[in-house]
Amino acid sequence: MSDYSSDENDDYVLYKNRPEWSDITPLAQDDNEEPIVAIDYTENFKDCYDYFRAIVQKKEISERALELTQTAANLNPANYTVWQYRRDILKGLDKDLHEELEFVEKIILKQSKNYQVWHHRKVLVEWLKDPSKEKYLTEHVLSKDAKNYHAWQHRQWVIKTFKLYDGELDYVDLLLKDDIRNNSAWNQRYFVINNTTGFTEEVLRQEIEYTLSRIREITENESAWNYLRGLLLHDKAGLSNNTTVKAFVEELYESNNRSPFLLAIIVDMCLEQVGAGGGDSNYSAKRAVELCKDLMEKFDTVRANYWQHMLDSIGSESGEGTSGN
Amino acid sequence: MATIIKDITLQENIPQNILFEKHIDFIKEYGQKENNFEYAMTDYLRISGMYWGLTALELMNASPPHTIEEISDYIKHCQDPESGGISSCLNHDPHILHTLSAVQILCMYDNLKAIDVEGVVKYVKNLQLPNGSFTGDKWGEVDTRFSFCAVATLSLLNRMDAIDVNKAVDFVASCKNFDGGFGSRPLSESHAGLIYCCLGFLSVTNRLDIVDRDKLAWWLCERQLPSGGLNGRPEKLPDVCYSWWVLSSLTILGKLHCIDANALKKFILACQDTESGGFADRPGDIPDPFHTVFGISALSLLGNDTVQKVNPTYCMPQHVIDRLQLKPQILDN
């Protein structure tokens, strides 16, 4: 590793003052003859990138170039050209990629919302065919931001590519115990089941039980209700015919719960039943209309326009029903 | 039974209108100040930055800070003669994000002749994988953002014939989730920004039939918070850029009327920096061109007639899309 690895280091030496770089002429940023933008860099940044441009131009593959890309990546991890060039050097010098994993891990932990660092990590794992550190790394990142999209994407890629589904539902469970509204965790639950057992009748029954008990804990939880609706996509009978769900929903409503998500699912159950010819009289257009009004006026006023739109569409559909045929 | 909602509280004395003069100065001066370290740090997204700034100026009926020749010449020098792709700035590698931004800028100024158009077509075509998806560059990151960039670029060049559109649609369709939304890859979490990319893609390819329209419209409406602002996923804070991504999506679905437009307008106007100009992600934060163009575009979609009409699919002035005779699919109310 470099003696000059941190730009916060007081001993940091500019590249122009390093004897081993004296043979290189730095290449300043050239924004064309008529500069469209005048740029003033901090000294470290300008110095490092002027040398970086110079080595890219002469296509130098060397230890010092590798060290330079490390400084450049630390100064600006979002610069994708630096990472690409660094990979050329790693290949060219046949470097120990495990060391590189450690390097990029440090940057990921500091810059976890950056596409380039995660992509670099992915390429290294592909080259090494070694996913053994990835679950730990993503867990570390998710422990600080449980919804980090990059971390989830990387984790899904690793799990799918190397078939590492074992234990993943337990991990999801852990995250949901910490924050039951974590939409990323609910999504991961779907990802795991979809790619392993699939939504068989038995799995569906268990998942519905699980989800209903989570909803019982906190009923105003968009993610859990959406997951329940996702499960019911796999129920051939549809949204409104699952006896467990129906019993749960009615019991909750009877207990005077008015979570907008509860009311919304009953609206959709009504519309499904009406659309199918009204098999269950408990789920009528009239009930849907009343619930939409309640949502609009009392329980989901932020979305009043949406519920008005729903009311209008129920009205026009039942209007068509009476005037048609 | 109060539920804690992740949101912000708007302050009093929110500006009633768009602060045009301030925003125009902000965009024109951005990056031209002494010691603008942030600008140097963002050379990896320069061309996209130009697209944000120049589009914002055009929507505000302001002229660009440079001549069209200067702008075109800069873009021309960013085109890689070998691959045909366009990079973020000189000495960088080409990427599909900047290729689209460059084509958008040149279409706006009716100056596509500045670049090798066939080179761009070849570049985009070569990024398509056998499963229909697109990578962003030669290194192979796959994401539905790049599917959108590919078809937006090719449709602006009137060269959709260059790719396998059916397979491209299959890939985007495979990224549709159980909640009606879309993610970056199959079974990745739904995210408003990626939903915009997928709906934009389906709008360009005229394949909105694969969308669960009502379900998705509800999910998008759920993004509105009591402050009026919109978030990008459940339990996240509101942000002006999602005003664009959610609103353009609802517009494409023909469901714009489902949102509380007045509350959202108030939120967006509150994100203006009344001193320096520009829009920030949230009131009081530091403004930038990215949030500025999306704030102005969102206000345009909401019917503000002091700015130009914006096209929801391309995020470009509507008069440009009309001139190119493009008719991206938009569903009726």
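Helices here are DSSP runs of H or I with at least four residues, while strands are E runs of at least two, numbered from the N terminus. Before going further, please keep in mind that this is a predicted model, in which local features need pLDDT of at least 70 and side-chain atom pairs count only at pLDDT 80 or more, while totals for chains, interfaces and linings use all residues. Residues are numbered from 1 along each chain as its sequence is written, chains are lettered from A and ligands numbered from 1 in the order in which they are written, and side-chain values use heavy atoms, with hydrogens and water left out.

A pocket is an open set of points on a 1 Å grid over the protein atoms alone, with protein on both sides within 12 Å along at least five of seven lines; a cavity is a set where a 1.4 Å probe fits but cannot get out, and lining residues have an atom within 4 Å of a point. The lining of the second largest pocket counts 33 residues, and Val56(A), Asp80(B), His92(B), Asp93(B) and Pro94(B) lie nearest its centre. Two or more residues of this lining come from each of helix H1 (43-57) and helix H3 (80-93) of chain A and helix H6 (117-126) of chain B. By class, 12 are nonpolar, 12 polar and nine charged, where Ala, Val, Leu, Ile, Met, Phe, Trp, Tyr, Cys and Pro count as nonpolar, Asp, Glu, Lys and Arg as charged, and the others, Gly among them, as polar.

Now turn to helix H5 (residues 115-128) and helix H7 (residues 149-162) of chain A, whose axes lie 10 Å apart at an angle of about 15°. Axes are lines fitted to C-alpha atoms, for helices over the stretch in contact, and angles run from 0 to 180 degrees between N-to-C directions. H5(A) and H7(A) are therefore roughly parallel, the word for angles under 35 degrees. On the H5(A) side, the contact (heavy atoms within 4.5 Å) includes Tyr115(A), Trp118(A) and Lys122(A), and on the H7(A) side His150(A), His154(A) and Trp157(A) are among the residues involved.

Which residues line the largest cavity? They are Tyr115(A), Trp118(A), His119(A), Lys122(A), His150(A), Gln153(A), His154(A), Trp157(A), Glu141(B) and Arg185(B).

Finally, follow H9 (residues 183-195) to H11 (residues 222-232), both of chain A: their axes come within 9 Å and cross at roughly 20°. H9(A) and H11(A) are therefore roughly parallel to each other. Among the residues in contact are Trp186(A) and Tyr190(A) of H9(A) and Tyr227(A) of H11(A).

Key: Parallel < 35°, antiparallel > 145°, perpendicular 65-115°, else oblique.
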